[in-house]
Amino acid sequence: MGSAGFISRDRSTVIYAANIDWRNEPLRARLEGRLDTPVTIENDANAAGLAEVRFGAARGFDCVLYVTLSTGIGAGIILDGKIYHGKNGAAAEVSPAVRRISAETGLDPAGLEGSPAFQKAFQQNARHATDGSSLKDFSLKGHIFQNRCS
């Protein structure tokens, strides 16, 4: 099940989702109780990125950066055909970068995604999340950034 926000490492709880005002929402338990089937919770951008790798525009690529622009800016990193969560479980979360740049520059966060400062911070975050070895030279001009893993 895809959900907006930060998801716990055990993929059971929505830790925080600003756009739906959830904090520590036990979504897996609630859905399993209603559906009587096992459920895994995943960040919606991660789930969409994995779906693109398996069934969509990124089929045939095993390393993909998926970016979504909707109620916020979301991203998912797929390495070797699997979601990369990073050490904190939120490797591709873009919102913290937007908030940090907004605080540092005084710019309105609503217009940051097109700014050179945001693109630089986004690239740095993605390179850090992947140790700089798998994703290279991408920008926010498209929604799916594909590369072969080396």
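Student: Which backbone nitrogen does the side chain of Ser8 reach?
Tutor: That of Ser12, at 3.2 Å. A polar contact is a pair of N or O atoms within 3.5 Å; within protein, one must be able to donate a hydrogen and the other to accept it, and residues adjacent in sequence count only if both atoms are side-chain atoms. Note that this is a predicted model: local features need pLDDT of at least 70, side-chain atom pairs count only at pLDDT 80 or more, and totals for chains, interfaces and linings use all residues. Residues are numbered from 1 along each chain as its sequence is written, and side-chain values use heavy atoms, with hydrogens and water left out.

Student: Is Ser8 buried or exposed?
Tutor: Ser8 counts as buried, at 11% relative accessibility. Buried means under 20% relative accessible area, exposed over 50%, partly exposed in between (1.4 Å probe, protein chains only).

Student: And where is the place of Ser8?
Tutor: In the loop between S2 and S3. Strands (E, at least two residues) are DSSP runs, numbered from the N terminus.

Student: What order do the strands take in the sheet?
Tutor: S2-S3-S4, an open sheet of 3 strands with antiparallel pairing. Two strands pair if DSSP finds at least two bridges between them.

Student: Which strands stand at the edges?
Tutor: S2 (6–7) and S4 (22–25). Each has a single partner strand, so one side of each is left without a neighbour in the sheet.

Student: How many bridges join S3 and S4?
Tutor: 3, with S3 covering residues 14–17. Val14 has Glu25 in S4 as its bridge partner.

Conventions
Helices (H or I, at least four residues) and strands (E, at least two) are DSSP runs, numbered from the N terminus.
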